[in-house]
Each structure stands twice: as structure tokens, then as C-alpha cells.
Amino acid sequence: LILSADTITSTGSLRAPAGTVEVSGSQISLLDNTAINVSGPNGGGSVIIGNQDTSRTFIGPNVEIRADAIAQGNGGRVIISGNEITGFYGTIRARGGEISGNGGYVEISGQEYLTFRGNVDTSAMNGFAGTLLLFHRYHHC
């Protein structure tokens, strides 16, 4: 499932069980009760918000992104990026399956400015916890 435009403002729901959701544009805002769900019974899917052309990304406080493995398998992959500014205030779940599986991988990056005030859960009941990577690179000219 691909949502692409120059400027994206979403307050809705995107669902692709165990699949991939990509949101790309120069400015991306997920607001209000936006929900993205790529959870699957045998492993979580992937969510990619932003790419090399995205300057600003904002994920609001009531936004929930789920990439859980429900029964078994590993949690999914969630990548959020902005070349200038990324503000993350939402919730991400990329948990391992209840029976087996490891937690997923979450990466949030802002090249110039990164604000992280949200919640991320990459736990696994019967496996290893996943990874949260926060990345920020500031260039001096």
C-alpha cells in the first residue's frame, strides 16, 4: 500500500496485514487518530514513512503504528525519516509473537532535528527484544 504526494496530511487508517505501507512526500503529517497496521499472524510487516525526498515528518501524539507478529514470528520493521525535521510523539508496536518470535526493528531519524517524545514497544514474550534506533546527524557548514 503506497500513499504518495508532495504534501501528505493523514487522519485516517491504513491497513495491510503482514504487508508493507509506504508513505512518501516532501512533507508528511500523521495527525489525530491515524492508525497504520501491518501486523500479521506469522510476523509483522513493514512501515516506511519518508524517503530521501522528505524534508519534514511529524507523527502526532494519538497516532498508532502496529507491526506486531500476533501468534508467532518476528515483529515487523518501522522506519520514519525526515531530511530536515522529524517529530515523533506517537506509539509504535513491533512485538514478537505470543507463542514465539523476536521483537522487531524501529528506526526514527531526523537529519537536522529529531524530537522523540513517543512510545516504542519491540518486546517479545517468548523471544528476544527488538531494536530501537534513533538517528540524528547535524552538518556544520
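**Close-up views of a predicted model**

**View 1. The side chains of aspartate 68 and arginine 93 meet in a salt bridge, with 2.7 Å between N and O.** The pair links distant parts of the chain: aspartate 68 belongs to the loop between β9 (64-66) and β10, arginine 93 to strand β12 (residues 91-93), and the two are 25 residues apart. The model shown here and in the following views is predicted. Aspartate 68 has a relative accessible area of 4%. That value is under 20%, so aspartate 68 counts as buried. The contact belongs to a network of salt bridges that links Asp68, Arg93, Arg95 and Asp121. The structure holds 5 salt bridges.

**View 2. The largest pocket has a volume of about 170 Å³.** Its lining is made up of 14 residues, and those closest to the pocket centre are Asp68, Ala69, Arg93, Arg95 and Glu98. Sorted by class, the lining of the largest pocket has 5 charged, 5 polar and 4 nonpolar residues. Which residues of the salt-bridge network can be looked for here? The network links Asp68, Arg93, Arg95 and Asp121, and Asp68, Arg93 and Arg95 are among the residues closest to the centre of the pocket.

**View 3. Arginine 56 and glutamate 84 form a salt bridge, their closest N and O atoms being 3.6 Å apart.** Arginine 56 lies in strand β8 (residues 56-59), while glutamate 84 lies in the loop between β10 (77-82) and β11 (85-88); the pair therefore ties together parts that are 28 residues apart in sequence. Side chains of opposite charge can pair when their charged atoms come close. Arginine 56 is partly exposed, at a relative accessible area of 39%. Glutamate 84, at 30% relative accessibility, also counts as partly exposed.

**View 4. A salt bridge joins glutamate 64 to arginine 66, with the closest N and O atoms 2.3 Å apart.** Glutamate 64 has a relative accessible area of 28% and is partly exposed. Arginine 66 is partly exposed too, at 28% relative accessibility.

**View 5. Five strands form an open sheet in the order β3-β6-β9-β12-β15, with parallel pairing.** The edge strands are β3 (13-15) and β15 (119-121), each of which pairs on one side only. On average, and with direction ignored, neighbouring strands of this sheet are turned by 5° against each other.

**View 6. A second open sheet consists of 6 strands in the order β1-β4-β7-β10-β13-β16, and its pairing is parallel.** β1 (2-4) and β16 (131-136) stand at the edges with a single partner strand each, so one side of each is left without a neighbour in the sheet. Neighbouring strands of this sheet are turned against each other by 5° on average, direction ignored. Strands of a sheet pair through backbone hydrogen bonds, either parallel or antiparallel.

**View 7. Strand β10 is shown with its partners β7 and β13.** Why is β10 largely enclosed by the rest of the structure? Of the 6 residues of β10, 5 are buried, so the strand is largely enclosed. Strand β7 (residues 46-49) runs parallel to β10 and is joined to it by 4 bridges. Across this pair, isoleucine 48 stands opposite isoleucine 79 in β10. Strand β13 (residues 105-110) pairs with β10 in the parallel sense over 6 bridges. Here isoleucine 80 stands opposite isoleucine 108 in β13, and serine 81 stands opposite serine 109 in β13. In a regular strand the side chains alternate between the two faces of the sheet.

**View 8. Isoleucine 99 has its place in the loop between β12 and β13.** Is isoleucine 99 buried or exposed? With a relative accessible area of 59%, isoleucine 99 is exposed. The C-alpha atoms of isoleucine 99 and alanine 71 are separated by 5.6 Å, although the two residues are 28 residues apart along the chain.

Technical notes. Residues numbered from 1 in each chain as written. Predicted model: local features only at pLDDT ≥ 70, side-chain atom pairs only at ≥ 80, totals over all residues. Heavy atoms only, no water. 1 Å grid on protein atoms, 1.4 Å probe; cavity = no way out; pocket = protein on both sides within 12 Å on 5 of 7 lines; lining within 4 Å. Points joined across faces, edges and corners; volume = space filled by probe spheres on them. Nonpolar A, V, L, I, M, F, W, Y, C, P; charged D, E, K, R; others polar. Salt bridge = Lys/Arg side-chain N within 4 Å of Asp/Glu carboxyl O. Buried < 20%, exposed > 50% of the residue type's maximum accessible area, 1.4 Å probe, protein only. Pairing = 2+ DSSP bridges. Axes fitted to C-alpha atoms, helices over the stretch in contact; angles between N-to-C directions.
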